[in-house]
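Subject: Structure handover and findings

Hello,

Here is the structure for you to look over. My notes follow below it.

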Amino acid sequence: MTPLQHLLVAERVCARLGWDVAVRPTMCLGAIAPDAHRIAEHIDHRALHFRSRKTRDRRLIDFLRNYLRPAVNGPAGALEFWAGWLCHISADDIWRRNLQRDVPQLWDGIVHGTARQSDELRDKYLRECNQLDLAFFSLYQHTVAGLREELLAAEAHWTADPLTPQDLHTWRLTVVQSMLPPLAASDTGLEYLTMDFVEQCMFQSEQETFRILEWEIDESELSPIF
Ligand SMILES: [Zn+2]
């Protein structure tokens, strides 16, 4: 999922939780943070997506235990930042699962194709993602303009190893400058992805993140992971 789509998910989760818009800058920063490996090549993306555990249902445990749970009663802003981060890793998981299920020709070609097929498909996939971002940008222009300003105003107080606050700051500027709005590109046609596919992924991500947060905030002492 792209940073723009991650920000839209975070905005929806924030609204659904009934949180004040004043917390959105912090939540937005958390929602883009896990992809900062794209500008900081020393960072393995799996570390920031908490994908170290092999069993899928167990993957979030480290994140919930070490970051989200302590933030529930932590300093102001911490919960919102890690809630944004949770939006991101939930959405990426849903995105990956839905791609595998709904667009297997793309997924299988990238994962199992020859090096050349894989490269060509990956390139087509990235161009389609950008094209969809352009469509979402014009569809949600007002919302995205607000999220852009909030991202610029956000301050990096938290981070997860090995991401430094400086990396996060640089990544935030990269997102604002080159993805909000997305770079204009020639229309390559949508062969694999659709607006509906992305909307469905965003809706599922909102649902799942909201459900986890509701549980963690209200029922944390009953949580089975401790
Ligand atoms: Zn990601």
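What covers the buried residues of α2? The cover includes α1, α5, α8 and α9. More on α2 below.

First, the ground rules. This is a predicted model: local features need pLDDT of at least 70, side-chain atom pairs count only at pLDDT 80 or more, and totals for chains, interfaces and linings use all residues. Residues are numbered from 1 along each chain as its sequence is written.

**Overall fold**

The protein chain has ten helices and zero strands. Helices (H or I, at least four residues) and strands (E, at least two) are DSSP runs, numbered from the N terminus. The radius of gyration is 17 Å, close to the 17 Å that the globule rule gives for 226 residues, so the protein chain is as compact as a globular protein of that length. That radius is taken over C-alpha atoms, and the globule rule is 2.2 Å times the number of residues to the power 0.38. Along the principal axes, the C-alpha atoms fill a box of roughly 50 × 40 × 35 Å.

Of the 226 residues, 32% are buried. Buried means 20 or more other C-beta atoms within 10 Å of the residue's own; exposed means 12 or fewer; partly exposed lies in between; C-beta atoms are placed from the backbone. Among contacts with a separation of 6 or more, 78% join residues 24 or more positions apart. A contact needs two C-beta atoms, placed from the backbone, within 7 Å.

The largest nonpolar core has 46 residues. Ala10 and Cys28 have the most contacts inside it. Such a core is a set of buried Ala, Val, Leu, Ile, Met, Phe, Trp, Tyr and Cys residues joined through C-beta atoms within 7 Å. The helices that each supply at least two residues of this core are α1 (3-17), α2 (24-32), α4 (60-72), α5 (78-102), α7 (115-139), α8 (141-153), α9 (165-178) and α10 (195-218). The largest share, eleven residues, comes from α5.

Back to α2. Nine of its nine residues are buried, so α2 is largely enclosed by the rest of the structure. Those buried residues include Arg24, Pro25 and Thr26. Cys28 is also buried in α2. Leaving aside neighbours within four places in sequence, Cys28 is in contact with Leu7, Ala10, Gly84, Leu147, Glu150, Leu151 and Ala154.

**Helix packing**

Two pairs to look at. The axes of α4 and α5 are 7 Å apart, and the helices pack at about 145 degrees. Axes are lines fitted to C-alpha atoms, for helices over the stretch in contact, and angles run from 0 to 180 degrees between N-to-C directions. The crossing of α4 and α5 is left-handed. Phe63, Tyr67, Leu68, Ala71 and Val72 of α4 make the contact with Ala78, Leu79, Trp82, Leu86 and Ile89 of α5.

Helix α6 (residues 104-112) and α7 have axes that come within 7 Å and cross at roughly 135 degrees. That makes α6 oblique to α7. Angles under 35 degrees count as roughly parallel, over 145 as roughly antiparallel, 65 to 115 as roughly perpendicular and the rest as oblique. The crossing of α6 and α7 is left-handed. In a left-handed crossing, the near helix is turned anticlockwise from the far one by less than a right angle; clockwise is right-handed. Leu106, Gly109 and Ile110 in α6 meet Gln117, Ser118, Leu121, Arg122 and Tyr125 in α7.

**Individual sites**

- Ser205 is in helix α10. Ser205 is buried, with 28 other C-beta atoms within 10 Å. Beyond neighbours within four places in sequence, Ser205 is in contact with Val9, Cys87, Ser90, Ala91 and Ile94.
- Ser178 is in helix α9. Ser178 is exposed, with 11 other C-beta atoms within 10 Å.
- Asp20 sits in the loop between α1 and α2. Asp20 is exposed, with 9 other C-beta atoms within 10 Å. C-alpha to C-alpha, Asp20 and Cys87 are 17 Å apart in space and 67 residues apart in sequence.

**Cis peptides**

Most peptide bonds are trans. Here are two cis ones to check. Asp161 and Pro162 are joined by a cis peptide bond, with omega about 5 degrees. Pro162 is in the loop between α8 and α9. Leu180 and Pro181 are also joined by a cis peptide bond, with omega about 10 degrees. Pro181 lies in the loop between α9 and α10.

Best wishes
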